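Trainee: Please take me through one part of this model in detail. I would like the helix packing and the charged pairs that go with it.

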Amino acid sequence: MTKEETLISFGNDADDLVNNEVFNRTINRMVEGSFQAFVNSKPEETKARDKSYDHYRALVDIVNTLRQDVQVRDEIIAKNEKDNNSQEE
């Protein structure tokens, strides 16, 4: 498998996840849980707030990585289509 094919495969898998209702509900529940833990912590519970914030950031990073994989896939496909159209002319 070429590097482009691998990136397209990653993008396809990522697209399946970011468009999956169960995945999105799960991520949203986890984000809500992190937010609740953060706002319900006491002022002196800095470690608990830091942990909640780090958990939230990890979830955001996962979703952003998946979206980036989809974007890379789309860019590769668009480039390949453009190259194919140029060769046909």
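Mentor: Lysine 79 has a relative accessibility of 41%, so it counts as partly exposed. This is a predicted model. The side chain of lysine 79 forms a salt bridge with glutamate 4, at 3.5 Å from N to O. That pair links distant parts of the chain: glutamate 4 sits in helix H1, lysine 79 in helix H3, and 75 residues separate them. Glutamate 4 is at 32% relative accessibility and therefore also counts as partly exposed.

Now the second link. Aspartate 15 and arginine 73 meet through their side chains in a salt bridge, again 3.5 Å from N to O. Aspartate 15 is partly exposed at 22%. Arginine 73 is buried, with a relative accessible area of 10%. Arginine 73 also bridges to aspartate 74, at 2.8 Å from N to O. Aspartate 74 is partly exposed at 38%. Shared partners join Glu4, Lys79 and Asp83 into one salt-bridge network. The total is 6 salt bridges.

Next, the helices themselves. H1 covers residues 3–18 and H3 covers residues 46–88. They pack at about 130 degrees, with axes 7 Å apart. That angle makes H1 oblique to H3. The crossing of H1 past H3 is left-handed. On the H1 side the contact includes Leu7, Ile8 and Phe10. On the H3 side it includes Val70, Ile76 and Ile77. By class, the contact residues are 11 nonpolar, 3 polar and 6 charged.

Definitions and conventions: Residues are numbered from 1 along each chain as its sequence is written. This is a predicted model: local features need pLDDT of at least 70, side-chain atom pairs count only at pLDDT 80 or more; totals for chains, interfaces and linings use all residues. Side-chain values use heavy atoms; hydrogens and water are left out. Axes are lines fitted to C-alpha atoms, for helices over the stretch in contact, and angles run from 0 to 180 degrees between N-to-C directions. Helices (H or I, at least four residues) and strands (E, at least two) are DSSP runs, numbered from the N terminus. Angles under 35 degrees count as roughly parallel, over 145 as roughly antiparallel, 65 to 115 as roughly perpendicular and the rest as oblique. A crossing is left-handed if the near helix is turned anticlockwise from the far one by less than a right angle, and right-handed if clockwise. Contact means heavy atoms within 4.5 Å. Ala, Val, Leu, Ile, Met, Phe, Trp, Tyr, Cys and Pro count as nonpolar, Asp, Glu, Lys and Arg as charged, and the others, Gly among them, as polar. A salt bridge is a side-chain nitrogen of Lys or Arg within 4 Å of a carboxyl oxygen of Asp or Glu. Buried means under 20% relative accessible area, exposed over 50%, partly exposed in between (1.4 Å probe, protein chains only).
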